[in-house]
Amino acid sequence: MPETDRTDKIDRADEFLDKYRQLEEALRNKYGGDEKNYGSPIVRFLSEKESKPYRDRLNVCREIRNFLTHHAEFDGERVIQPSNSLIRFLDEVTAFVKSPPSALNFATLYEDILKTSLSQKAQTVMKKMQRQGFSHVPVMEGGECIGVFSVSTIFSYSLEHGLATVRDDMVIAEFAEMLNFDKHSAERFRFVGRDASIYEVRNEFERKSRTSKRLAAVFITDNGSSRGRILGMLTPWDVIDSD
């Protein structure tokens, strides 16, 4: 065998192992070292939904990596020669792990969100919600979101005050005690920063709550807090559509 061919094979095998190590390192950074229960960051990544587009080929890479690690050579020659396409694939996965799709790309942006104020009539807002397909409406006051008006807001208010129907003259301010993010009886809300990935948000929706409250919406703000400027909003339907 010509020396140049053998060197090319060795170099490509070493490059493959180096790319694999780079992916492992990127995943360790992603999980903060919290992958002990999985044995390796690669195995944990394979258990996540976000790995779905890469899962089959990454499992092939795992087998090749294990073989090269434990049975690298036979009579001084590499037993397996990874292809250039596999090496490029590892680069692709590493790039994805380091820069996953932004949650903002799947969110309803602020300018398209149905919003309301304390002075607006409740029936007017409710009709808009029905027409535009919004179930949760941020309540804005002085440029800040102070709460959320939703179907559950009306239900909770009705139970509390014995209200049979929403009067024509009722304004959002009359529901003030039910609007605060923490005052919704069956719903909760989360806030994430502008750099949050769609997979972080998906995990929020899938994470079991310590209470019976379901996560109704995730708001993306400029600083990741409820007092930040809203950039976008995601509901469970947006997360399902991101698959």
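Reply: Leu86, Ile87, Phe89, Leu90, Val93, Thr94, Phe96 and Val97 are the buried residues of H4 in this predicted model. An α-helix has 3.6 residues a turn, so residues three or four places apart point the same way. H4 itself has 15 residues, and the distance from its first C-alpha to its last is 21 Å, close to the 21 Å expected at 1.5 Å a residue.

Thr94 belongs to this helix, which runs over residues 84-98. Thr94 counts as buried because its relative accessible area is 8%, under the cut-off of 20%. Apart from neighbours within four places in sequence, the contacts of Thr94 are Lys19, Gln22, Leu23 and Ala26.

Val93, Phe96 and Val97 are in contact with Phe45.

In soluble globular proteins, nonpolar side chains tend to be buried together. The largest nonpolar core here has 37 residues, and Phe16, Phe45 and Leu58 touch the most other members. H4 supplies at least two residues of this core, as do helix H1 (3-31), helix H2 (41-47), helix H3 (55-70), helix H8 (198-206), strand E7 (214-221) and strand E8 (230-234). H1 gives the largest share, eight residues.

Methods: Residues numbered from 1 in each chain as written. Predicted model: local features only at pLDDT ≥ 70, side-chain atom pairs only at ≥ 80, totals over all residues. Heavy atoms only, no water. Helix = DSSP H or I, 4+ residues; strand = E, 2+ residues; numbered from the N terminus. Buried < 20%, exposed > 50% of the residue type's maximum accessible area, 1.4 Å probe, protein only. Contact = heavy atoms within 4.5 Å. Expected span 1.5 Å × (residues − 1). Core = buried A, V, L, I, M, F, W, Y, C linked by side-chain atoms within 4.5 Å.
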